[in-house]
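This report describes selected local features of one protein model. Please consult the sequence and the structure shown below while reading.

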Amino acid sequence: MALILELAVQGAQMALVLLLAPLLTGFVRKVKARLLRRQGPPLIQPYRDLLRLMRKEVVLADNASWLFRVIPYLIFAFTWVAAALIPTFATGLEFSWTADLIAIVALLGSARFFLALAAMDVGTSFGGIGASREVMIASLAEPAMLLIVFSLALVAGATQLSTVAAFMGSPQVGLRVSLGMSLIALVMVAIAENARVPVDNPATHLELTMIHEAMVLEYSGRHLAMIDFAAFLKLLLYVSLISCVFVPWGLVTTGAGPWAYVLGVIFYICKLAASGVLLALFETAIAKMRVFRVPDFLGAALMLALLATLLRFVSRSL
């Protein structure tokens with residue numbers, strides 16, 4: 001009976017990230033519109049867009065290979081698994097032993113590789129431009145992410161997220177400069193990975209400046225729905241990761257009652273709402289930078305993560 005309950009809670013977490021991912025994107029769009037004194041789309045507009053795309057017929061290029069058809073489902077699967085591994089409202093779940101930070105980075109890297117491969121499969125110029133820019137961002141974002149993982153591992157003594165969340169929620173942590181640097185670096189990497197302002201503008205369709213949208217111009221129908229859903233999940237993933245590691249309050253431990261899980265879900269939704277408001281405020285208050293400035297932006301994140309790691313090494317040796 002206990003195993004069935006644990007599996008049910010794990011399944012509820014996997015379903016919760018699917019349910020809330022489009023809602024988070026819709027909430028950010030709504031807040032940005034209200035900050036600009038516009039009505040904005042309804043909160044459920046991302047759900048409507050996904051349903052509309054699922055009903056449309058898929059249009060494929062004549063020279064599209066079988067990889068072009070399969071890759072959207074692979075991207076969605078990798079991103080969903082990575083998002084479902086992160087503790088959202090509870091820790092110590094049935095599959096929590098797989099919730100390793102290095103494994104999550106590997107899953108996201110695999111999804112990025114397949115997306116860039118699909119962009120180059122058809123052979124269009126814009127797909128190649130978007131793929132090259134995506135790989136350029138990845139060459140700086142992934143090392144920065146790994147250094148963030150190493151700095152957190154030096155603090156918590158593990159890369160397993162349940163262990164990291166338990167340690168970060170304990171009074172042993174205190175105020176540490178290395179954690180502040182890691183937080184800033186993680187936020188910068190999250191902005192770049194999700195193609196948000198100032199790195200990219202998710203609302204634009206100008207092919208010469210966009211990064212993510214240039215790679216998916218040839219997709220339509222259910223294939224485009226899978227890629228858009230994966231993008232929603234990726235934004236939720238990074239918000240959940242920041243909340244789990246740096247704001248671990250409200251996470252329920254294993255064996256808690258049903259009301260404790262409900263309270264954990266409420267805490268998690270509040271964290272998502274606060275993060276959505278902060279993201280909308282940031283994107284409204286800043287302009288998009290030039291593409292050639294993106295390496296400087298990610299280089300700053302890489303240096304912050306490196307300094308955080310070196311600071312932890314120095315403090316441990318003293």
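**Helix packing**

The model is a predicted one. Helix α5 covers residues 125-156 and helix α7 covers residues 177-193. Their axes lie 10 Å apart and meet at an angle of about 150°. Angles over 145 degrees count as roughly antiparallel, and α5 and α7 are therefore roughly antiparallel to each other. The crossing of these two helices is left-handed.

Helix α5 also contains Arg-133. The relative accessibility of Arg-133 is 16%. Because buried means under 20% relative accessible area, Arg-133 counts as buried.

**Backbone features in the loops**

Most residues other than glycine have a negative phi, and most peptide bonds are trans. Against this background, two residues and one peptide bond deserve attention.

Arg-37 is found in the loop between α1 (2-35) and α2 (45-55). Its phi is near 60°, a positive value in a residue other than glycine. Arg-37 has a relative accessible area of 80% and is therefore exposed, the cut-off for that class being over 50%.

The loop between α7 and α8 holds Ala-195. Ala-195 is not a glycine, yet its phi is positive, at about 55°. With a relative accessibility of 11%, Ala-195 counts as buried.

The loop between α7 and α8 (212-215) is also the place of Pro-198. A cis peptide bond joins Pro-198 to Val-197, with omega of about 15°.

**Nonpolar surface patch**

Which residues make the nonpolar surface patch of about 550 Å²? The patch is formed by Trp-259, Val-262, Leu-263, Ile-266 and Phe-267. Val-262 has its place in helix α10, which spans residues 258-285. Val-262 counts as partly exposed because its relative accessibility is 40%, a value in between the limits of 20% for buried and 50% for exposed.

Trp-259, one of the patch residues, can also be related to Arg-133 of helix α5. Arg-133 and Trp-259 are separated by 126 residues in sequence, and their C-alpha atoms are 46 Å apart in space.

**Accessibility of the residues discussed**

The table lists the relative accessibility values given above.

| Residue | Relative accessibility | Class |
|---|---|---|
| Arg-37 | 80% | exposed |
| Arg-133 | 16% | buried |
| Ala-195 | 11% | buried |
| Val-262 | 40% | partly exposed |

Conventions: Residues are numbered from 1 along each chain as its sequence is written. This is a predicted model: local features need pLDDT of at least 70, side-chain atom pairs count only at pLDDT 80 or more; totals for chains, interfaces and linings use all residues. Side-chain values use heavy atoms; hydrogens and water are left out. Patches are made of residues with over 30% relative accessible area and no salt bridge: like charges are joined within 9 Å, nonpolar side chains (Val, Leu, Ile, Met, Phe, Trp, Tyr) within 5 Å. Accessible areas come from the Shrake-Rupley method with a 1.4 Å probe; for residues, only the protein chains shown count as cover. A salt bridge is a side-chain nitrogen of Lys or Arg within 4 Å of a carboxyl oxygen of Asp or Glu. Helices (H or I, at least four residues) and strands (E, at least two) are DSSP runs, numbered from the N terminus. Buried means under 20% relative accessible area, exposed over 50%, partly exposed in between (1.4 Å probe, protein chains only). Axes are lines fitted to C-alpha atoms, for helices over the stretch in contact, and angles run from 0 to 180 degrees between N-to-C directions. Angles under 35 degrees count as roughly parallel, over 145 as roughly antiparallel, 65 to 115 as roughly perpendicular and the rest as oblique. A crossing is left-handed if the near helix is turned anticlockwise from the far one by less than a right angle, and right-handed if clockwise.
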